[in-house]
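Dear colleague,

Please find below the structure that I am handing over to you, with its sequence. My findings follow directly after it.

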Amino acid sequence: MGVLNGSAAAPGDEDDLAATIARLRDATANGDFAYYLDIAHHMAGLPLPAPSTTLWLDDEETVRNRWRALVTARRSHLNTRH
């Protein structure tokens with residue numbers, strides 16, 4: 001799951017990202033931990049492939065923005081380290 005480690009979806013990693021999401025989809029197909037698939041899409045800035053079955057505390061846009069902010073903050077942190 002290296003592509004989704006807080007620095008998700010670096011430019012040029014589209015194939016790795018697609019493969020990671022496909023493996024995640026397979027691993028959560030029984031419904032257990034299916035919210036991981038939502039998180040992966042949110043972190044990567046990708047639309048959900050279907051309406052989510054996860055009941056988040058906030059609306060989808062708020063949840064998506066929070067996960068994307070996490071990725072953005074992590075990238076910013078990594079880019080400022082020496």
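Tyr35 is partly exposed, because its relative accessible area is 32%, a value between the 20% under which a residue counts as buried and the 50% over which it counts as exposed. Please bear in mind that this is a predicted model. Tyr35 belongs to helix H2, which covers residues 35-44.

Aromatic residues on the surface

Together with Phe33 and Tyr36, Tyr35 forms a nonpolar patch on the surface, and the three have about 300 Å² of accessible area together. The structure holds three aromatic pairs. One of them joins Phe33 to Tyr35 in a tilted arrangement, with 6.3 Å from centre to centre and 55° between the planes. Phe33 has a relative accessibility of 47% and therefore counts as partly exposed. Ring pairs also link Phe33, Tyr35 and Tyr36 into a cluster.

Overall architecture

The chain has three helices and zero strands, so that, in the notation of the DSSP runs numbered from the N terminus, its elements run α-α-α. Of its 82 residues, 26% count as buried. The accessible surface of the chain comes to about 5,600 Å², and carbon and sulfur atoms account for 55% of that area. Among the contacts in the chain with a separation of 6 or more, 34% are between residues 24 or more positions apart.

Helix H2 is mostly covered, with eight of its ten residues buried. These buried residues are Leu37, Asp38, Ile39, Ala40, His41, His42, Met43 and Ala44. They pack against H1 and H3. After H2 comes Gly45, which has a positive phi, near 75°.

Which residues make up the largest nonpolar core? Its six members are Leu17, Ile21, Leu24, Leu37, Ala40 and Ala44. At least two residues of this core come from helix H1 (14-27), and at least two from H2. As a general point, nonpolar side chains in soluble globular proteins tend to be buried together.

Salt bridges

How many salt bridges does the structure contain? The count comes to two. In general, side chains of opposite charge can pair when their charged atoms come close.

Asp58 is partly exposed, because its relative accessible area is 34%. Arg66 has 51% relative accessibility and so counts as exposed, given that the cut-off for this class is over 50%.

The other salt bridge is formed by the side chains of Arg64 and Glu60, at 3.7 Å from N to O. Both residues lie in helix H3 (residues 60-80), where they are four residues apart, about one turn of the helix. Is Arg64 buried or exposed? Arg64 counts as buried, because its relative accessibility is 18% and the limit for buried residues is under 20%.

In summary, I would draw your attention to the surface patch of Phe33, Tyr35 and Tyr36, to the core to which H1 and H2 each supply at least two residues, and to the salt bridge between Arg64 and Glu60.

With kind regards

Notes
Residues numbered from 1 in each chain as written. Predicted model: local features only at pLDDT ≥ 70, side-chain atom pairs only at ≥ 80, totals over all residues. Heavy atoms only, no water. Patch = residues over 30% accessible without salt bridge, like charges linked within 9 Å, V, L, I, M, F, W, Y side chains within 5 Å. Areas by Shrake-Rupley, 256 points an atom, 1.4 Å probe, with all protein chains shown as cover. Salt bridge = Lys/Arg side-chain N within 4 Å of Asp/Glu carboxyl O. Buried < 20%, exposed > 50% of the residue type's maximum accessible area, 1.4 Å probe, protein only. Phe/Tyr/Trp six-rings, centres within 6.5 Å; stacked < 30°, edge-to-face > 60°. Core = buried A, V, L, I, M, F, W, Y, C linked by side-chain atoms within 4.5 Å. Contact = heavy atoms within 4.5 Å.
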